[in-house]
Amino acid sequence: SGGGITQRTLAEKMEIGQPAMVALLDRLEKDEFIARNPMPGDRRASSLELTASGKKLISKIEIVAHGLREEILDGFSDSELQTASKVLARMKVKLEAFP
């Protein structure tokens, strides 16, 4: 224990709402991929931590994601990737400005 993250922080990092985060975490906990541990000093908050099964799953996901990323980005120059990243970042800012 000790390396966890709060539900609120995780939702902010993932940019999703609390109701969606709760549903996701409930499922991950039910499937024993995460554990919710009480936060000292705050009865309402929990520290979320990966279980051994969760860590195994993350390792598998990282391997697949790395291969997929390599395959998708193959043939693009660093300059092209930097330009695409800048364009997508600007698009994200514009989309976030919508009501």
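In this predicted model, E29 forms a salt bridge with R36, and their closest N and O atoms are 2.8 Å apart. E29 is partly exposed at 31% relative accessibility, and R36 is partly exposed with a relative accessible area of 23%. R36 also has a salt bridge to D26, with the closest N and O atoms 2.9 Å apart. D26 lies in helix 2 and R36 in strand 2 (residues 34–39), so this pair ties together parts that are 10 residues apart in sequence.

The count of salt bridges comes to 5. Another of them joins K92 and E15. K92 sits in helix 4 (residues 78–96), while E15 is in the loop between helix 1 (7–14) and helix 2 (18–30), so the pair links parts that are 77 residues apart in sequence. E15 is exposed, with a relative accessible area of 52%, and K92 is partly exposed at 38%.

| Salt bridge | Closest N and O atoms |
|---|---|
| E29 and R36 | 2.8 Å |
| D26 and R36 | 2.9 Å |
| K92 and E15 | 2.9 Å |

Now to strand 3. S47 lies in this strand and is buried, because its relative accessible area of 9% falls under the 20% cut-off. Leaving out residues up to four places away in sequence, S47 touches G4, I5, A35, R36, N37 and M39. L50 is also in strand 3 (residues 42–50), but L50 counts as partly exposed at 41% relative accessibility.

Key: Residues are numbered from 1 along each chain as its sequence is written. This is a predicted model: local features need pLDDT of at least 70, side-chain atom pairs count only at pLDDT 80 or more; totals for chains, interfaces and linings use all residues. Side-chain values use heavy atoms; hydrogens and water are left out. Helices (H or I, at least four residues) and strands (E, at least two) are DSSP runs, numbered from the N terminus. Buried means under 20% relative accessible area, exposed over 50%, partly exposed in between (1.4 Å probe, protein chains only). Contact means heavy atoms within 4.5 Å. A salt bridge is a side-chain nitrogen of Lys or Arg within 4 Å of a carboxyl oxygen of Asp or Glu.
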